[in-house]
Amino acid sequence: SGVIFRSTERFMPNPAQALHAFCHAVPGRWHQMSVMLSAASAVSWATRAFGFADEAALLRAAESTHDTQRDSAPLFLPYLSGERSPHNDPLAQGALVGLTHSHDAAALAHAVVEGVSFGLLDGYRSFGAMPGAANATGTPLSLVGGGARSAFWAQLLSTLLDLPLLTHQGGEAGGALGAARLAWLADGGSLSEVCVAPPVAQSFEPDAAAQQRLAPRAERFRRLYPALRATSAG
């Protein structure tokens, strides 16, 4: 799955956009998260389906494409397991739209990475769709998990979300680190000694030129789910 998570001071759900809100593990706090059901798993599926050696090879192929290839690549809907935020549709299905004979494995790799990124953008917008909410946050986001290994993907996400993005030392194992920290807190550790941000490895800023190129594709992606929903099996 792929998650955009933020800590809040009060309970702020948005069920209309399938935005989760729960008690935080840290006392006196809440959290919100948009969740897409196939993010890294979509990349793993594409790695197997398109014959790449591993996920890193797929990401290298996606990065090797030039702007013309990216602008004409198919659009990938990453709904391989249904979708949660913002559609809340367990019957949603994935799709590659716009395939032609000119598309090679690298173009398909880029389509998958871009499609997962568009899905995260959809989820991010669900924060701003809350009543009375102007936007989700203007503060930098930290990228954790396996995708944090790819500077190419981090830059794409920063550009699409229009936010500064940080990666941290050891961030590719951020989930395991978080679990270890919760265990430490449960065993008596204090917030001040346990909840310390790891050193920043890299920082990324939105690319205005890339935003202009990506905007038409993001809009086409946004329109595809409702257009294809009626044709989905089941």
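Student: In which order do the 3 strands of the open sheet stand, and which of them are at the edges?
Tutor: In this predicted model, the pairing within the open sheet of 3 strands is mixed, and the order is E6-E7-E8. Neighbouring strands are turned by 30° against each other on average, with direction ignored. Two strands have a single partner strand each, so one side of each is left without a neighbour in the sheet, and these edge strands are E6 (141-143) and E8 (200-204).

Student: Which residue of E8 stands opposite Leu-165?
Tutor: Strand E7, which spans residues 165-168, runs antiparallel to E8 and is joined to E8 by 4 bridges. Leu-165 has as its opposite residue in E8 Phe-204.

Student: Are helix H5 and helix H8 roughly parallel or roughly perpendicular to each other?
Tutor: The axes of H5 (residues 151-161) and H8 (residues 208-229) come within 9 Å and cross at roughly 75°. An angle from 65 to 115 degrees counts as roughly perpendicular. The relation of H5 to H8 is therefore roughly perpendicular.

Student: How many charged residues does the contact of H4 with H8 have?
Tutor: Helix H4 (residues 105-128) packs against H8 at an angle of about 75°, with the two axes 10 Å apart. On the H4 side the contact includes Glu-114, Asp-122 and Arg-125, while Arg-217 and Arg-222 are among the residues that H8 brings to it. Sorted by class, this contact has 5 nonpolar and 2 polar residues, and the number of charged residues is 5.

Key
Residues numbered from 1 in each chain as written. Predicted model: local features only at pLDDT ≥ 70, side-chain atom pairs only at ≥ 80, totals over all residues. Heavy atoms only, no water. Axes fitted to C-alpha atoms, helices over the stretch in contact; angles between N-to-C directions. Parallel < 35°, antiparallel > 145°, perpendicular 65-115°, else oblique. Contact = heavy atoms within 4.5 Å. Nonpolar A, V, L, I, M, F, W, Y, C, P; charged D, E, K, R; others polar. Pairing = 2+ DSSP bridges.
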